Amino acid sequence: MMDPEIGGIVDRLLRSYSTYYDIETCDGQDLVARACFHSRGEKYILTRSVNLWSVEDNEYVFFYAGDHLDPEGLERAIRMSSDMGLNMIEPGPEHRSSMITTILIFGTMDGNCKRTIKSYREHRNFGFMLKGWMDHRVAALETSTSAIISNRAGRNVARNLDNVTKASSR
């Protein structure tokens with residue numbers, strides 16, 4: 001059973017993502033939802049049949065929540081997000097980039113988890129970047145201290161998480 005405060009934060013976060021993302025709730029152990037965003041840009045001359053270029057950008061977001069995050073749970077969440085996200089990515093000539101984002105909202109976290117999140121890095125190139133690339137962003141909120149931790153790639157996610165938690169305290 002999830003703490004009502006954590007549940008409220010998750011609900012507000014999912015509402016903020018629902019504007020641009022397709023959201024699906026999950027009944028996993030700690031995985032509560034996942035969201036997908038797809039963007040396509042193209043340039044053509046006169047008609048769409050004469051296409052100059054087209055690019056696709058994707059983001060796959062995985063939301064985890066619970067009372068306590070330990071190193072094993074963190075490793076499991078990151079690995080599961082990475083595996084599911086990589087299975088959704090379809091590298092090709094029109095694929096430019098994909099982001100896999102892991103958002104963790106827990107009451108308390110071990111100190112080792114914070115260090116692991118800050119130092120985590122996963123970047124992949126597909127076909128020597130001719131078929132695009134992938135970055136994995138990780139951001140976490142510890143509700144007991146209101147601390148927000150992220151890896152380098154996840155700074156924007158951490159800012160969004162901070163905005164959602166500030167909005168909840170008003």
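How many residues does helix α2 have, and how far does it reach from its first C-alpha to its last? In this model, which is predicted, α2 covers residues 71-88 and thus has 18 residues, and it reaches 26 Å between those two C-alpha atoms, close to the 26 Å expected at 1.5 Å a residue. Seen down the axis of α2, the buried residues fall within an arc of 160°, so they line one face of the helix. The residues in question are Gly 73, Leu 74, Ala 77, Ile 78, Ser 81, Ser 82 and Gly 85. As for what the buried residues of α2 pack against, their partners are the strands β3 (51-69), β4 (95-109) and β6 (133-142), together with helix α3 (111-119).

The cysteines come next. The structure holds 0 disulfides, and for Cys 26 the reason is distance, because its sulfur is 9.7 Å from the closest cysteine sulfur, that of Cys 36, which is too far for a bond; the cut-off for a disulfide is a pair of sulfur atoms within 2.5 Å. Cys 36 is likewise in no disulfide, since the nearest cysteine sulfur to it is that of Cys 26. Cys 26 is buried, with a relative accessible area of 17%, and Cys 36, at 19% relative accessibility, also counts as buried.

The aromatic rings complete the picture. The structure holds 3 aromatic pairs, and one of them joins Tyr 17 and Tyr 21 in an edge-to-face arrangement, with 4.9 Å centre to centre and 65° between the planes. Both Tyr 17 and Tyr 21 are buried, the relative accessibility of Tyr 21 being 16%. The rings of Tyr 21 and Phe 37 have their centres 5.4 Å apart and their planes at 40°, so this pair is tilted. The pair links distant parts of the chain, 16 residues apart, with Tyr 21 in the loop between α1 (4-17) and β1 (22-25) and Phe 37 in strand β2, residues 31-44. Phe 37 is partly exposed, with a relative accessible area of 27%, whereas Tyr 21 counts as buried. Tyr 17, Tyr 21 and Phe 37 form one aromatic cluster together with Phe 63.

Technical notes. Residues numbered from 1 in each chain as written. Predicted model: local features only at pLDDT ≥ 70, side-chain atom pairs only at ≥ 80, totals over all residues. Heavy atoms only, no water. Helix = DSSP H or I, 4+ residues; strand = E, 2+ residues; numbered from the N terminus. Expected span 1.5 Å × (residues − 1). Buried < 20%, exposed > 50% of the residue type's maximum accessible area, 1.4 Å probe, protein only. Arc of directions from axis to C-beta. Contact = heavy atoms within 4.5 Å. Phe/Tyr/Trp six-rings, centres within 6.5 Å; stacked < 30°, edge-to-face > 60°.
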